[in-house]
Amino acid sequence: MRHLRRIGIVIVLAAIPVIAGLLALRPAGIAGAAETKGGMFKPVAPLEDLMSGIEDHFKALEKESGNTKSKTLKKDALVLAELFNVAKFHQSQKDYVDWATQARDALLKMPAAATKGDTAALKASVEALGKNCKACHDKYKKE
Ligand code: HEC
């Protein structure tokens, strides 16, 4: 009886490093697979820094929105759309995600408006975007 118990203890002790090794490998394996297959997206920059970049592009866009011939307007609108597309992943509350999505979608319409030379539509988009920033900040930006 006693030697059976000893064998049991040896087996348990031998299993610990194996189980620990499997647990250590598991998260890295899952994250790696998700990244390569375009699975769960994980932002790498803090929201504060992302927002600071959003502000720079927004200021540039405000200046360009009166000039449909601007060479950088489309790029700024698309980069800003992508930044909001990333900002979406920072929080999961429905209204937060909705505001980020609305900002992204408004920006995605701007290149076509610029091509059409529709200055009024561009100005309206920038104005709507400004309201969108404020709505989300009123609820989610502290201080
Ligand atoms: C979906 C919500 C949301 C939208 C839309 C949004 N923001 Fe923000 N913003 C936040 C949150 C939350 C913070 C606070 C981040 C923190 O300090 O962790 C923030 C912070 C900021 C900051 C301060 C960054 C710093 O350095 O502390 C600036 C500037 C900013 N936002 C600009 C903008 C501008 C400009 C727009 C619109 C073009 C905008 N944001 C739209 C959620 C949003």
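How do H3 and H4 run relative to each other, roughly parallel or roughly antiparallel?

## H3 and H4

H3 and H4 are roughly antiparallel to each other, a label for angles over 145 degrees, while under 35 counts as roughly parallel, 65 to 115 as roughly perpendicular and the rest as oblique. Their axes come within 8 Å and cross at roughly 160°. Here axes are lines fitted to C-alpha atoms, for helices over the stretch in contact, and angles run from 0 to 180 degrees between N-to-C directions. The crossing is left-handed, that is, the near helix is turned anticlockwise from the far one by less than a right angle (clockwise would be right-handed).

On the H3 side, Ala 77, Leu 80, Ala 81, Phe 84, Asn 85 and Ala 87 meet Ala 100, Ala 103, Arg 104, Leu 107 and Leu 108 of H4; contact means C-beta atoms, placed from the backbone, within 7 Å. This contact has 9 nonpolar residues, 1 polar and 1 charged. Ala, Val, Leu, Ile, Met, Phe, Trp, Tyr, Cys and Pro count as nonpolar, Asp, Glu, Lys and Arg as charged, and the others, Gly among them, as polar.

## The model and its confidence

A word on what you are looking at: this is a predicted model, in which local features need pLDDT of at least 70 and side-chain atom pairs count only at pLDDT 80 or more, whereas totals for chains, interfaces and linings use all residues. Residues are numbered from 1 along each chain as its sequence is written.

The predictor's confidence in each residue, pLDDT, runs from 0 to 100. Its mean over the protein is 84, and 73% of the residues reach 70 or more. Over residues 27-31 pLDDT stays under 50, and the model has 0 contacts beyond four places in sequence for them.

## H2 against H3

Helix H2 spans residues 47-64 and helix H3 residues 73-87; they pack at an angle of about 155°, with axes 9 Å apart. The two are therefore roughly antiparallel. H2 passes H3 in a left-handed crossing. Among the residues making the contact are Leu 50, Ile 54 and Phe 58 of H2, with Leu 80 and Leu 83 of H3. By class, the contact has 13 nonpolar, 2 polar and 2 charged residues.

## H4 against H6

The axes of H4 and H6 come within 10 Å and cross at roughly 165°, which makes H4 roughly antiparallel to H6. This crossing is left-handed. Contributors to the contact include Tyr 96, Trp 99 and Leu 107 of H4, and Leu 129, Asn 132 and Cys 136 of H6. The contact divides into 10 nonpolar, 3 polar and 2 charged residues.

## Around the ligand

The ligand is surrounded by 19 residues, and the closest are Met 51, Glu 55, Ala 100, Cys 133 and Cys 136; a residue belongs here if its C-beta atom, placed from the backbone, lies within 6 Å. H2, helix H4 (94-108) and helix H6 (119-140) are the elements giving two or more residues to this shell. H2 supplies the largest share, 7 residues. By class, the shell has 13 nonpolar, 3 polar and 3 charged residues.

Helices throughout are DSSP runs (H or I, at least four residues), numbered from the N terminus.

Technical notes:
Contact = placed C-beta atoms within 7 Å.
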